[in-house]
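Here are my notes on this model. Please read them alongside the coordinates.

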Amino acid sequence: MLVPALELKDVSKSFDTNEALVSASLSVAPGSIHGVIGENGAGKSTLMQIAYGLEQPDSGVILIDAVRVNLDCPQTAINYGIGMLHQKVSWLDQHTILENIVLGDNIHSYFYQSSIQSEQNLLQLIREYGFSFDLGTKMADLSYGQRQQVDILRALHRGVRVLILDEPMALLSPIESGHLLALFSLLKTQGIAVVIVSHKLIALHQICDIISVVRHGRVSNNIAPKDITLMQLTKLVVGREVIIPHPSQPLNVKRGQRLLRINQLNVQFHRGGKRSKNSIKLSNIDFSVDSGQVVVMVGLPNAGQDELLDIIAGVIAFDSGYLVIGDRRIDSGARYSISDARRNGVSYVPNPMHELGLVSEFSMAESALLGYQNIKRSFFSGFSRQHNFEYCLNLMTQWDIRPAKPDMKSGFFSGGNQQKMVIAREVSRRPTLLLLNQPTHSIDVGGVELIYQHLFELRQQGAAILVASNDLDEVISLADRVIVMHQGEVCAQLSKDQLSKEILGKLMLNGAINE
Amino acid sequence: MNNNLPWWFHTLALPAVNILLALTACAVVLLVIDVNIVEAARIMFIGALGNQEGIGYTLFYATNFMFTGLAVALAWHAGLFNIGAEGQATLGGLGVAMICATFGDSLPFGLLVILTTLSAAFFGALWAFIPGWLNAYRGSHIVISTIMFNFIASSLLVFLLVNVFRQPDQMAAVSQTFGEQTWLPYLDQLFKFVGGEISRTPLNISFLWAVFCCFLVHYYLFHTRFGYETRGIGFNHRAGAFAGIDKSRVIIVTMALAGALAGFVGLNEIQGSSHQLKVEFVAGYGFAGIAVALIGRNHPLGIIAASILFGALYQGGSELAFNIDRIGNDIVLLIQGLVILFCGALEWMVKPKLIALFSGSPKQPVGDSRG
C-alpha cells in the first residue's frame, strides 16, 4: 500500500458558534482522482481550505507523504506540492500567460529575473499535457475555461502533486468539461492526485477512483464508485434517494399571457479593453416568454446570456430595439433601473460568481430583505428586528437553509446556502417574471430538487421564468423551451420534445446542427 | 474566530487592557522626564474624575468628542472616511454665531435655540455636502476633498472674524460677546431648577443633546430603511446598487448628516461656553473625532463611552500641565496619541493572547496535540 500523498487526521474547526468540522479524516492516494461530496454546509470547503493552508484547524494533524507538516499559509502548502484552483482568480489581464505564471516564481535576485528557464519548463508541460494555448497570449483574450487551464498549468509548473479543485465544472460548457475530465485522467497517470469538490454527482461517478462523503463535519464514507449506483450515492449525500438528472414536470397550464417580449434588441459592450476578443455584441435578439413557461437560455460562456438577463433586469442599458415587460414597453435610452424592474414584478437571481445577491457583513435576516427594503410597510414595523428575524427564519425553514440562525452573518453561510437564500428571497416575492443566472451552481442534489419544485410551483401559478444555464442536465430538467445563444445571437429555439444533449452541444459550439 | 468568549470581551476587556498599556507607556515617558508618577496619576485622576468640577469639564469636552465622533462614524458606515469634521465644526460654529449676532436681542430664547441648532446643522451639513456631491458625481476622493475643506473653513473663519465679526475697538480676532439671553443653560442651572446642586463648569445642555444624538444615530443606522441602505452601500456597494439603492444619494445624504452632527460642536463651544466666536475654537476636536470613532468601534453607543474617556484624558492632561511645571499642554496630545496607537494600530498585539486567556481553552498550535 502506497503512502497517502495527503492525509488529514481528526481535523476539527469551528467558526463562531458553528462546528464546521468535527474530527474529520481524509486520505488521498497519489495518482488517484478523489471526489469529495456532501450537502451544502457539510464542511467540504473548510476541509479543503485547511489542506491548502487557508484556514488553521483547531485540532488535528496534516500529513504529506506521511510526514507531519504545519500548513500555516498557502505558500507553505504550495511548497509542499499542494495546489488549489479557485473559481475566482485575479489575473493581470493586460499581461501574457507567461508573465502571469512567472509572477509566482521564487525570486533569485532582486535586480534581475530570467524567465527563460520557466518558459522552457512551461513549453515542455504544454507539449506533455496538450494544452492548446500560446504563452504569449494576453489573459484578457482567454475565456473562463482557458483561464482555468492556465491555472492548472501554473500549478504543474510549481510542481503540484495534489491538485484540489472546488467545483471545477460549474461554469464550463459541456465540451470544456469533457476536456477537463480528460486532463484529469492524464494528470492521474503522472502520479498527481486530483481532489474534486463538486455537486455534479454524475460526472464524479464516472471519473473518480474514490469518493469521500462529508456529512455534518465528518467524513462519513469512502466509497469506490464502481461498487455503487448513482442513486445510492445520492442517498449517502442527502440521506434519501434522489433521481438525477432531476425529472421535469409536465406543463399543465394553458398558454398564458405574454409577460416578456424582446424585440430586435441590439447592444455592443466592451470588456477587458476595446480591442479585446471578449467584447460582446448582442444582435437582433427577438423572442418572448409567456406566463406558465420556463425558458432556458444556453450557450458557451460569453455568448451573451448574462448580458441579456442584465438588460431585462435593468442593470445595463441597450442600444436599440425595445422590451415589453408585462404591459410596459421599454425603449432604448428609457429610464429603467433594477428598482423599476422590481416594481414591475421582475425578480432577478444574479450569477452567484459575482456575489451581488447578499451583503456578506449583514446578518442573514438583513440580507433576506435586500432589494425589498423599500416596500411599503408601516414605518416602525418594517425594520423591527423581530419582524425581519421571523421573516428570515420562515424562509430558512421553508427552503432548508442551514444553520437556521438569522442572526449569523451572511458571509459565514456556505456558498450553497447563500445562493439558496437569494433564490428563496426572490421566489417568495411571487414575481411575475423571474430571471435566474446559473441558479443551482454549487447547490447539492437535495437542494436542487427543492429549488426545482419551488420553480415549478411558481410556474404553475402563472409566472414566466427565464433561466441562463450551462448545465445540460438542468436545461433538460427545467425547460419548456430552450433558446440557444451563439456569439450574441439567438441561433435556435427548441421545444421540450426536441431536446437532447447532442443537439444542444452542437448548437452551442457551432451555432448550427449541420456544419 | 473563537466561540466561547463572553460578550464583554470585545467591548470592555480588550479596550481596557489596551488603554492600560497606553497609560503605562505614558508613565514611562513621565519617568524619563523625571516626574513623580504616583503624583501625576493622582493629579490626572482627581483632575478628571475626582470632583464635581473635574467631572463637569470632562463631560464638557466629551460633548465635543461625541459630535465629531458621530460625524466620523456615521460616514464610516457608508464606506466614507470623513476627515472633515474639523471644518464642518468650524462652519457650524459660524452658523451659531451668525444667528446669535443677528437675532440675539430680538427673539425669545426658545426660538433662538431652535434657530441656532438648525443653523449649526445647516452650515455643517453644507460643508460636508459639497465633498459628498463631488465624490458622488465627480469621483473626487472624499479624504482629499474633506481635508481641503478644513483649510478653506479655517481661512474663511479668519477672514470673517477679521473683516466682519471683529468689533472696531478690538485688536484680537474675536467677535463680540453675545448677550446673556442667548446663552445655553448650564447644567448646574438645570440642576438648581430641579432642586439639586452642582458646581459651575462650562458643561451645558448640549451635553444632553449629544447623548440624545448618539441614540438617534443608533436608531437611524440599525432600525430604519435609510440606515439599512447606508450600511448596505458601505459594506458592498455593488450588491447595494444591485438591490436598487442609489449610491450617490446615500453618499450625499450621509455626508450631509455627518456634517450636521459635527456642526453641533458650535452649539457647545460658542453658545454653551465661550459665547463669542474665536479663531481656533474647534481646537482639534474634529481630528480627535476620528480616534473617538475608532475606539468606539464606529458604534454610536460605543462613542458615548469613548468620548467620556477622551474627555477625561483631555481634562486630566490639562490639570497635569497646569500643576506640574515640567509638563506642557502637549501632554494631552501625547496621551491621546498613545491611546490611539495601542487601541488602533497595536490592537493585535495583545488580542490573541487575551483570547486564549479568556476562552478557557488555549489554542494549541497545530500538531502539538498528538505525538
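1. Contact here means heavy atoms within 4.5 Å. Leaving aside neighbours within four places in sequence, S118(A) is in contact with V102(A), D105(A) and H157(A). S118(A) lies in helix α4, residues 116-129 of chain A. Helices are DSSP runs (H or I, at least four residues), numbered from the N terminus. S118(A) counts as buried because its relative accessibility is 10%; buried means under 20% relative accessible area, with a 1.4 Å probe and protein chains only.

2. On provenance: this is a predicted model, where local features need pLDDT of at least 70, side-chain atom pairs count only at pLDDT 80 or more, and totals for chains, interfaces and linings use all residues. Residues are numbered from 1 along each chain as its sequence is written, chains are lettered from A in the order in which they are written, and side-chain values use heavy atoms, with hydrogens and water left out.

3. How many residues meet across the interface? On chain A, 35 residues are in contact with 28 of chain B. The two chains bury about 2,900 Å² between them, 55% of it on carbon and sulfur atoms. Buried area is the accessible area (1.4 Å probe) that two parts lose on being put together, summed over both. L356(A), Q373(A) and F383(A) supply 21% of the area that chain A buries against chain B, more than any other three residues.

4. The rule finds one salt bridge across the interface of chain A and chain B. The side chains of E366(A) and R231(B) form a salt bridge at 2.5 Å, N to O. The criterion is a side-chain nitrogen of Lys or Arg within 4 Å of a carboxyl oxygen of Asp or Glu.

Terms used. Helices (H or I, at least four residues) and strands (E, at least two) are DSSP runs, numbered from the N terminus. Buried means under 20% relative accessible area, exposed over 50%, partly exposed in between (1.4 Å probe, protein chains only).
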